[in-house]
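Thanks for coming, everyone. Let me put the chain on the screen and walk you through it.

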Amino acid sequence: MSRGGGKGLSLKDKLDGNELDLSLCDLNEVPVRELAALPKATILDLSCNKLISLPSDFCSLMHLVKLDLSKNQLQQLPLDFGRLVNLQHLDLLNNRLVTLPVSFAQLKNLKWLDLKDNPLDPVLAKVAGDCLDEKQCKQAAVKVLQHMKAIQSEQDRQRQRKLQAEREMEKKREAEQRAKEAQERELRKREKAEEKERRRREYDAQKAAKQEMEKKTKKETVHTRKPASSSRPPQPPRHKPSWSRSVLRVLLFVLFCILCTLAACKLTELQRQPLCVSVNTLYEDVVAALQNHKTLQNMLQHNSQQ
């Protein structure tokens, strides 16, 4: 392994039991692949190198129990640094760290922590305190873990609130969409009803116009058949002299004369006069004819009944 590229001398040559010392190797990157091939190396010393950052796959080295990254130039740790759940001892002395990733709270087995000589956030620096002896470093591990767990819980609550707000917003959008769709359906229904009513009015108007046209045509036909004078207003009937009345009067007068003559010829002494004899003879002939006619009717009726 060379000092710049991390290749050359085999890491096995630096492995002593379960300890792998890569300090003072002028490293600017971590040979993660080679380290992953040495699961027995649970203690790793990368102090006094030129490491600015750790690769994301560094967190796959879950077999690490003790890790020394002191006196490098680390500005931040990987976001999933908490995957190193077996880590118990962590030395980050003299780096350029300001904050720690929230996943740091998942290092539940961490017992020792040194964050001295880092430009830490004031709150984190106050929580970490000094690590001048074994006791202070252990307290730092406990307090920092508690602090990071609180931050994680707060972030979880914020995420929950954000998720709840997003859900409420989504529900609101869905409700608005449903209301909009219902309004559109109601509008289409109303437009459909208005269109139906318009068509019905048009139909009624056409029917009324047709009926009016038929009435007008029928009236014109009646007017055509009637004489022109019929269109004039009716006038009161005029009393014209009737010839039938004159004839009736004449007949009544003649009948009266005949009766008077007949009565005179029957009841007075004039019955022996030639005129009265003729009148009486005519009267008797008429009466006989009427009697014969009545006898004939009776005979015919009797025959029909038989």
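Start at Leu-15. Its bridge partner in β2 is Leu-20. Two bridges join β1 to β2, residues 19–21, and these strands run antiparallel. Two strands count as a pair if DSSP finds at least two bridges between them.

A word on what you are looking at. This is a predicted model, where local features need pLDDT of at least 70, side-chain atom pairs count only at pLDDT 80 or more, and totals for chains, interfaces and linings use all residues. Residues are numbered from 1 along each chain as its sequence is written, and side-chain values use heavy atoms, with hydrogens and water left out.

Now widen the view. Six strands form an open sheet, in the order β1-β2-β3-β4-β5-β6, with mixed pairing. β1 (15–16) and β6 (112–114) stand at the edges. Each has a single partner strand, so one side of each is left without a neighbour in the sheet.

What does the whole chain hold? Five helices and six strands. Along the sequence, the pattern reads β-β-α-β-β-β-β-α-α-α-α. Helices here are DSSP runs of H or I with at least four residues, strands are runs of E with at least two, and both are numbered from the N terminus.

Next, the inside. Of the 306 residues in the chain, 24% are buried. Buried means under 20% relative accessible area, exposed means over 50%, and partly exposed lies in between, with a 1.4 Å probe and protein chains only. The accessible surface comes to about 22800 Å², and 55% of that belongs to carbon and sulfur atoms. Those areas come from the Shrake-Rupley method with a 1.4 Å probe.

The largest nonpolar core has 41 residues. Such a core is a set of buried Ala, Val, Leu, Ile, Met, Phe, Trp, Tyr and Cys residues, joined through side-chain atoms within 4.5 Å. Among those with the most contacts inside it are Leu-46, Phe-58 and Leu-67. The elements giving two or more residues to this core are α1 (32–36), α2 (122–128) and α3 (134–225). α3 gives the most, with four residues.

Which residues does Leu-46 touch, leaving out those up to four places away in sequence? The list includes Leu-22, Leu-27, Val-30, Phe-58, Leu-67 and Asn-72. Contact means heavy atoms within 4.5 Å.

On to charges. A search of the whole structure finds 13 salt bridges. Each is a side-chain nitrogen of Lys or Arg within 4 Å of a carboxyl oxygen of Asp or Glu.

Take three of them. Asp-80 pairs with Arg-83, the closest N and O atoms being 3.5 Å apart. Asp-80 is partly exposed at 27% relative accessibility, and Arg-83 is partly exposed at 36%. Asp-114 meets Lys-116 at 2.9 Å, N to O. Asp-114 counts as buried, at 4%.

Shared partners join Glu-195, Arg-198, Arg-199 and Glu-202 into one salt-bridge network.

Last stop: Ala-263, in helix α4, residues 243–267. Is Ala-263 buried or partly exposed? Partly exposed, with a relative accessible area of 35%. Ala-263 and Asn-280 are 17 residues apart in sequence and 9.8 Å apart in space, C-alpha to C-alpha.
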